[in-house]
There are 2 protein chains.
Amino acid sequence: MLFFTQCFGAVLDLIHLRFQHYKAKRVFSAAGQLVCVVNPTHSLKYAPTRCAAVQTSVEQAVLPPCHHHEAVHDPQLVPCTCPLFSCPWEGHLEVVVSHLRQTHRINILQGAEIVFLATDMHLPAPTDWIIMHSCLGHQFLLVLRKQEKYEGHPQFFATMMLIGTPTQADNFTYRLELNRNQRRLKWEATPRSVLECVDSVISDGDCLVLNTSLAQLFSDNGSLAIGIAITTSKVHNAENEM
Amino acid sequence: MLFFTQCFGAVLDLIHLRFQHYKAKRVFSAAGQLVCVVNPTHSLKYAPTRCAAVQTSVEQAVLPPCHHHEAVHDPQLVPCTCPLFSCPWEGHLEVVVSHLRQTHRINILQGAEIVFLATDMHLPAPTDWIIMHSCLGHQFLLVLRKQEKYEGHPQFFATMMLIGTPTQADNFTYRLELNRNQRRLKWEATPRSVLECVDSVISDGDCLVLNTSLAQLFSDNGSLAIGIAITTSKVHNAENEM
């Protein structure tokens, strides 16, 4: 009986996934785009203190570029690369991807252009929606966060980070695009490195910011579809051409 | 002596204008774009009650489309088309342009693509930056407003409105673009009609919304350059092709 119930649950999940996929396809009708349904991760606690330590370590490790190894503490040990609020994990940059896959079961997707479909946008803050995106020989992390910067007024913050160093991140440009109801909002920027800590990027507001009202305008039945594209930035292209 | 002082002031203004113009050109380097320097209008009082009356009149006047003249009150008399907070003016849709030019000295510019350079972004809320834009045979109004929706947290709201009816407005698409520091933010939407009242568009958040931190990232020395483009919307194009 238990086996039957579990099978039935799995079938329902598949139908739900298919339905969500269809909805996202309808929003972004361009053929060949990969749609990824991303479920929320509700964060039980908020740990702003984690970032203060990281900021210091990033300054030490990053400010003299290409001299990371001269810092006094072990610069290979990254304390803030897991962007989930409640995760106290620390580790080397090289194992961030496997930590996110194994511990947090975050999906990794291939392709230059994908659609990120965040479900259950109504959930209370703080909530994260996260996927990894493998593209142009690197892994990127897309973080959508619902957070109350001003009490009682949740906002959505979306940013893309490279699982790599700030110098590597400078070679790329990412684009996030919302498109619904005859409205279109596009944000283009250079990704930050995960070494810079997602919490500080969001508190600086240097990302795509949506008020609840705008998020509702772009949502379809509680789900928000974000088109993602990553390209090499012009500086990098110019260098290649030379 | 007074004459000399006034002349000197005028020359200084011209130099300042030339400098601002140069700055905007630097931001939007596309050749042939018209740059308009827009000074702020600080609003002394906030008149939210004005909009309640307007909403009612718009519903009466607009909901049965193409039957405006069946409403009981004079539908030609528009109470909320002057978007300035403190202006109690009422008038016919046809004379809104001359009211804005003569009473508020709002500039009107020609051209499909222009750059709106809002100065003195640091001024306290509520503040408006407004120009009119003549394009594709119609007049549009660009309103940038600094307003505190949440006390102590001013935000910037930018929207484009057609000085015409909602049915006419549906034929157009406007685009606002910010571009600076390797970041780009684009908002595209159908303009609202001035009959719908700019105050309610902003309180609904159905416009380009910038937090103070994002506004600072896109500003150059206290001025924000917004690229504006207006096109006929696809539906309208399809109709023309048929």
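Guide: Let us start with a term: a salt bridge is counted when a side-chain nitrogen of Lys or Arg lies within 4 Å of a carboxyl oxygen of Asp or Glu. Please keep in mind throughout that the model is predicted.

Visitor: What makes Arg145(A) and Asp128(A) a salt bridge?

Guide: The closest N and O atoms of Arg145(A) and Asp128(A) are 2.7 Å apart, and the cut-off is 4 Å, so the pair qualifies as a salt bridge. In general, side chains of opposite charge can pair when their charged atoms come close.

Visitor: Why is this pair said to tie together separate parts of chain A?

Guide: Arg145(A) belongs to strand S8 (residues 138–150) of chain A and Asp128(A) to strand S7, so the pair ties together parts that are 17 residues apart in sequence. Over all chains, the search of the whole structure finds 16 salt bridges.

Visitor: How do you know that salt bridges also occur across the interface of chain A and chain B?

Guide: The rule finds two of them across that interface.

Visitor: Which elements of chain A supply the side that touches chain B?

Guide: Strand S9 (153–162), strand S11 (183–189), strand S13 (208–211) and helix H6 (212–218) of chain A each supply at least two residues, and the largest share, seven residues, comes from S11(A). By class, this side of chain A has ten nonpolar, seven polar and seven charged residues. The contact as a whole takes 24 residues from chain A and 24 residues from chain B, and the two chains bury about 2200 Å² between them, 48% of it on carbon and sulfur atoms.

Visitor: What makes S11(A) and strand S11 of chain B a pair of strands?

Guide: Pairing requires at least two bridges, and five join S11(A) to strand S11 (residues 183–189) of chain B, so the two strands count as paired. They run antiparallel, and within this arrangement Glu188(A) stands opposite Arg184(B).

Visitor: Why is the peptide bond from Ala125(A) to Pro126(A) worth a remark?

Guide: Most peptide bonds are trans. The bond from Ala125(A) to Pro126(A), however, is cis, with omega near -5°, and Pro126(A) is placed in the loop between strand S6 (113–118) and strand S7 (127–135) of chain A. In chain B, the bond from Ala125(B) to Pro126(B) is likewise cis, with omega near -5°.

Methods. Residues are numbered from 1 along each chain as its sequence is written. Chains are lettered from A and ligands numbered from 1 in the order in which they are written. This is a predicted model: local features need pLDDT of at least 70, side-chain atom pairs count only at pLDDT 80 or more; totals for chains, interfaces and linings use all residues. Side-chain values use heavy atoms; hydrogens and water are left out. Contact means heavy atoms within 4.5 Å. Buried area is the accessible area (1.4 Å probe) that two parts lose on being put together, summed over both. Helices (H or I, at least four residues) and strands (E, at least two) are DSSP runs, numbered from the N terminus. Ala, Val, Leu, Ile, Met, Phe, Trp, Tyr, Cys and Pro count as nonpolar, Asp, Glu, Lys and Arg as charged, and the others, Gly among them, as polar.
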